[in-house]
Amino acid sequence: MSKIVLLAINAKYVHSSLAVWSLAASIKKRHGAKHDVNVIEANINQNIADIAYSVTELEPDFVGISAYIWNAGILPELLKLLREQLPGVVIILGGPEAVYNAQHWRDNGADFVLKGQNDQSVDPYTDEYFSALGDKLAYIETSRGCPYSCAFCLSADSSVEFFPLETVKERILKLSQTKTKTIKFVDRTFNCNPKRAYELYEYIIGLQSCKARLCTNCKFHFEVAADLFDDKTLNLLATAPPGKIQFEIGLQSFFEPALKASSRKTDLIKAEKNITKLLKTQNIHIHVDLIAGLPYETLDSFRESFDRAYRLGAHTLQLGFLKLLHGSKLRNEAQKLGIIYDKNPPYEIQSSTWLSALDIKILKNTENALQHTYNKNRFLKTIEYVLEVSGISPFKFYQTLGSKHPNYAMQLEDYVYHVYEFCKDLTGVDNEILCDKLHYDWLSMVKGKNLPAFLKNRKGRLNALRLTPCAICPVQCKSKVKTASCPPVHTLKRNEHAILSTGERIIVDTGSQNPVTGLYKVLIN
Ligand code: SF4
């Protein structure tokens, strides 16, 4: 009997790997007890020597490793350690980073690089998988390939293979009964077949109200094309329980020449209309992606794309940077297009004919501010107010905040003061209203943290006192039991309140979080 170790090195502790479990199930299905198959899941934040030890202590004959963009940087050192400690072992690499760069990995210690894909009928969800999964993020695939041709993507122009719907539903049900908090669909464009996607949304929405089954409260995350939704699907999605569904929507850019040069076909007007409709019901978390650095995209054209995307009001707006992936059309054309990129993973753009290195730095500053504010649901009321009264564009706001006050792992208590310092000097901003907005945001986004000193000491007002519901509710019945005559504030589990400069009170229920945004419920009276 030979001993096999299948190693996945995930990007974060909370991630899991579908590939290694799928291969393990496949080997067992084909070869039964002929091989002793062991799965190890590590993550890139672990010490490389510790990862190597977890493999070598099992003394395997074969080691299979899945190579992805997030772990490719540490693999050469890991392969070296494995070679030194297990001289006779056969090392096999698979995954997108290995397939399109096979010679590099052969030179770095791999014996074989595997191409191709595992049999879709193999069920990776074994008891062993579930006990390893715990409450980590679970992955599921219901289709393979993508019919679109985006020049920066490895899935471009691959024929789409759909898994049988009944099998998919069984797997969704199995996963939804585990402790996982999020089930992420790895389908490249989940709704490329809108009719099939409708059936699965309907099944998932139905699952949540199915009391007879042991359905948990997990969320379902999909990568979708916004222009493919029809009205029937949007109406169905409007009935999804709040927070149950998350959509990741790649818009990439609004600049037509950049989209055309990237072979990206999107009906932008329809996509915008559909995103606006999806956001109207506030029951689905919407994440929109932009990519900086596409061919023909200048700083000015990207600024316009950013502002147009920002105004949609998605819950997350990701400002990503072009990555020149092995095997992608754009990597092959990079030299011709004048795109300079980092030769190490993740192969990010450094400059191009249209974007200078300084432009990239400006975009990085913008991303830094966006990530530490808007994308973490922080300072939302403050930013809304400041943008409105100052007339500054969203891009300019984040760009200037990011360059004046970059946040490199700063404590929130310190960062809030930087945000205040930056905002107070903008044209039209009233200091008292700004502090009110920051106060409101602070109470809605953190729990149990002291108010920053500069907000606490404003004109000696009563601020952020912790009171029992009846001490602040207008009825003041002293009862801890809710009655029909109680105002809504009486139902608060825990609360903090503050008096604003207008004399109004804001009351925050830290026992109740918005299932879509995660913000605490705020009442003004
Ligand atoms: S970026 Fe998305 S839509 Fe484009 S080819 Fe890749 S998976 Fe398909």
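1. Because K169 and E166 are three residues apart in helix 7, about one helical turn separates them. Helices here are DSSP runs of H or I with at least four residues, strands are runs of E with at least two, and both are numbered from the N terminus.

2. Before going further, a word on the basis: this is a predicted model, in which local features need pLDDT of at least 70 and side-chain atom pairs count only at pLDDT 80 or more, while totals for chains, interfaces and linings use all residues. Residues are numbered from 1 along each chain as its sequence is written, and side-chain values use heavy atoms, with hydrogens and water left out.

3. The whole structure holds 19 salt bridges. One of them joins K174 and D123 at 2.7 Å, N to O. K174 lies in helix 7 (residues 165–176) and D123 in the loop between strand 5 (112–113) and helix 6, so the pair ties together parts 51 residues apart in sequence. K174 counts as partly exposed at 33% relative accessibility, and D123 does too, at 28%.

4. K277 and D231 also meet in a salt bridge, 2.9 Å from N to O. With K277 in helix 11 and D231 in helix 9 (residues 231–237), this pair ties together parts that are 46 residues apart in sequence. K277 is partly exposed at 38%, and D231 is partly exposed at 47%. Elsewhere, salt bridges with shared partners join D123, R171 and K174 into one network.

5. Six strands form an open, parallel sheet in the order 6-9-10-11-12-13 (two strands pair if DSSP finds at least two bridges between them). Strand 6 (138–140) and strand 13 (316–321) stand at the edges with a single partner strand each, so one side of each has no neighbour in the sheet. On average, neighbouring strands are turned by 25° against each other, direction ignored (axes are lines fitted to C-alpha atoms, for helices over the stretch in contact, and angles run from 0 to 180 degrees between N-to-C directions).

6. Within this sheet, five bridges join strand 10 (residues 219–224) to strand 11 (residues 245–252). F222 has F247 in strand 11 as its bridge partner. Helix 11 (residues 268–280) packs on the sheet and touches strands 11 and 12, its direction making about 145° with that of strand 12 (contact means heavy atoms within 4.5 Å). Helix 12 (residues 299–310) also packs on the sheet, touching strands 12 and 13, at about 175° to the direction of strand 12.

7. W21 in helix 1 (residues 18–31) and Y129 in helix 6 (residues 127–133) are 108 residues apart, and both are buried.

Conventions:
Buried means under 20% relative accessible area, exposed over 50%, partly exposed in between (1.4 Å probe, protein chains only). A salt bridge is a side-chain nitrogen of Lys or Arg within 4 Å of a carboxyl oxygen of Asp or Glu.
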